[in-house]
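Thanks for coming, everyone. I'll walk through one structure, residue by residue in places, and then step back.

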Amino acid sequence: RTFAIAAASVTAASAVGFRRHAECSLDSKQYNDVHDCIGFIWGNGKGIEPIRSSQFAGRKLKCLAFGPTFSAALCEKGNIWVWPSKDFKPLPVKSNFSFSNVAVGQSKSYALSKDGRIFAWSNNDSNSIEEIKCIKNGWFGTEKAVHISAFEDNFAFVTNHGKVYSSGRGDCGQLGNGQMVAHSKGFELMQLPRDDKACMVAVGESHTAVLTR
């Protein structure tokens, strides 16, 4: 009865499982009350812990994103909750925007608003959330972001025109611009073969993968 979680990347320190129903066969009496149990998280030497909707103000979760030291959850209504990976106490990211995607990096996390804008904040201070001005200032014309991905110091996003822009480390060619550089100075346009249009991007430590439409 388990089902997949979109955009969830799991670290070696912890993992998450979701269930459609609240019932679960755990021996510990600690989990007898599962009326609001929407999943489980385990690792960090703490064993298994229930994920409860009450920890997210009763909201249903849409997806999860895990980073090396921080994690995030996107609720169905578009708000985001974050917590340190070693302390499962979710706190809301304060914003007036509604989001459709979230990605967690080493020192920063990113969110994609439903109108195609990208926001970022320091993992140590979710109140520092601000819009990345690249699209707003017209770097990419009328394009809007439709998908985002992050890993450690790297970040990439796909636009509604099927282009992919990346930033961060490029020592292994993972920026996709045909060059190997220690670190990008800004966003690099990834070079797709032929006239292919991207629809999704996934960022790793030494490589970046793109799905085309």
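Start with serine 149. It sits in strand 12, residues 145-151. Strands here are DSSP runs of E, at least two residues, and helices are runs of H or I, at least four residues, both numbered from the N terminus. One caution: this is a predicted model, so local features need pLDDT of at least 70, side-chain atom pairs count only at pLDDT 80 or more, and totals for chains, interfaces and linings use all residues. Residues are numbered from 1 along each chain as its sequence is written, and side-chain values use heavy atoms, with hydrogens and water left out.

Is serine 149 buried or exposed? Buried, at a relative accessible area of 10%. The cut-offs: buried is under 20% relative accessible area, exposed is over 50%, and partly exposed is in between, with a 1.4 Å probe and protein chains only.

What does the side chain of serine 149 reach? The backbone nitrogen of valine 203, at 2.9 Å. That residue is also on the contact list of serine 149, along with Ala103, Asn154, Phe155, Ala156, Val201 and Ala202, not counting residues up to four places away in sequence. Contact means heavy atoms within 4.5 Å.

Now glutamate 205. It is in the loop between strand 16 (198-203) and strand 17 (208-212). Glutamate 205 counts as partly exposed, because its relative accessibility is 45%. Leave aside neighbours within four places in sequence, and glutamate 205 is in contact with Phe151, Glu152, Arg169 and Gln174. Cysteine 172 is 33 residues away along the chain, yet the two C-alpha atoms are separated by 9.1 Å.

Glutamate 152 lies in the loop between strand 12 and strand 13. It is partly exposed, at 27%.

Arginine 194 also has a positive phi, about 55 degrees, and is not a glycine either. Its loop runs between strand 15 (188-189) and strand 16. Arginine 194 is exposed, with a relative accessible area of 70%.

Next, cysteines. Cysteine 63 is buried, at 5% relative accessible area. Cysteine 199 is partly exposed, at 34%.

On to the largest pocket. It holds about 440 Å³ of space. Lining it are 22 residues, and Lys108, Tyr110, Ile132, Ser167 and Phe187 lie nearest its centre. Which strands each supply at least two lining residues? Strand 9 (108-113), strand 10 (118-122), strand 11 (125-131) and strand 13 (154-159). A pocket is an open set of points on a 1 Å grid over the protein atoms alone, where a 1.4 Å probe fits, with protein on both sides within 12 Å along at least five of seven lines; lining residues have an atom within 4 Å of a point.

Last, the overall picture. The protein has one helix and 17 strands. Of its 213 residues, 43% count as buried. Take the contacts with a separation of 6 or more: residues 24 or more positions apart account for 37% of them.

Note on methods:
Polar contact = N/O pair within 3.5 Å; in protein donor to acceptor, adjacent residues only side chain to side chain. Points joined across faces, edges and corners; volume = space filled by probe spheres on them.
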